[in-house]
Amino acid sequence: MSNIATYIDQLIEALTKLPGIGRKGAERIAYFIIHSDDKTAKDLVSSLEDIGDKLQTCENCGMIFLQKEKECSCSSASNTKHICVVENIEDAIKIQNTHSFDGLYHVLGGAISPLDGIGPSELSFDKLLGRISNGVEEVIIATNPSTSGNATAMYLQKILKEHSIRVSRLAIGLPVGSNLEYIDDKTVATAIKERVELN
Ligand SMILES: [Zn+2]
């Protein structure tokens, strides 16, 4: 195989390791990069390098932080009044992007799902309990409104009961900007059940 073919093949091989990308998809992306201008390829390389070199996952809270900051913000107890518990890093980033919560996060690494062999010991509940010491006022449960997310929320509620802190969960209701007519029955039913008092 010529050198060029080897390089292209290496790129295709690397791309097939990404989730949801098969051989055909990897080939398409590889040739897109080959045909694109220099800047597109360079931007892609530098983004990949930034992710790989500059970000690190915290062993304590499961969030990612910039390596240059040496330690994750969860290590300074001063801003640990509110902890938002999420299933995955992407959920925490989603909430972070709303700028509506300025506390810290705890990433469980998934949700309780016995059918998939995921029990409490597979998730980082112990580390969360270890973080709940002096100063923590509230734990906000932000697991998904799914079967496994609900099971995880119930488990969290149980283990947090003996700590004298406020435990809340993200509200479940109507999507902002939606129209009742187009929302599924289950969501409407939950919104009625979870209705809020106005006065
Ligand atoms: Zn951390």
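Before you click, note that the model is predicted, so local features need pLDDT of at least 70 and side-chain atom pairs count only at pLDDT 80 or more, while totals for chains, interfaces and linings use all residues. Numbering runs from 1 along each chain as its sequence is written, and side-chain values use heavy atoms, with hydrogens and water left out.

**Stop 1: His 106**

Select His 106, which sits in strand S4 (residues 104-107); strands are DSSP runs of E with at least two residues, helices are runs of H or I with at least four, and both are numbered from the N terminus. Is His 106 buried or exposed? It's buried, at 0% relative accessible area. Here buried means under 20%, exposed over 50%, and partly exposed in between, using a 1.4 Å probe and protein chains only.

Now show what the side chain touches. It reaches the backbone oxygen of Ser 124 at 3.0 Å, and the His 106 side chain also makes a polar contact with the side chain of Arg 131 (3.0 Å). A polar contact is a pair of N or O atoms within 3.5 Å; within protein, one must be able to donate a hydrogen and the other to accept it, and residues adjacent in sequence count only if both atoms are side-chain atoms.

Leaving aside neighbours within four places in sequence, the residues touching His 106 include Asn 60, Cys 61, Ile 83, Lys 127 and Leu 128.

**Stop 2: helix H2**

Next up are salt bridges: a side-chain nitrogen of Lys or Arg within 4 Å of a carboxyl oxygen of Asp or Glu. The count by this rule is eight. Pick Arg 23 and Glu 27, whose side chains meet at 3.5 Å, N to O. They are four residues apart in helix H2 (residues 23-35), so about one helical turn separates them. Arg 23 is partly exposed at 37%, and so is Glu 27 at 25%.

**Stop 3: helix H3**

Jump to Asp 38 and Lys 42, a salt bridge with its closest N and O atoms 3.3 Å apart. This pair is four residues apart in helix H3 (residues 38-54), about one helical turn. Asp 38 is exposed at 55%, and Lys 42 is exposed at 54%.

**Stop 4: strands S5 and S6**

Finish on Glu 138 and Arg 166, whose side chains form a salt bridge at 3.2 Å, N to O. Because Glu 138 lies in strand S5 (residues 138-141) and Arg 166 in strand S6 (residues 166-169), the pair ties together parts 28 residues apart in sequence. Glu 138 is buried, at 11%.

Definitions and conventions:
Contact = heavy atoms within 4.5 Å.
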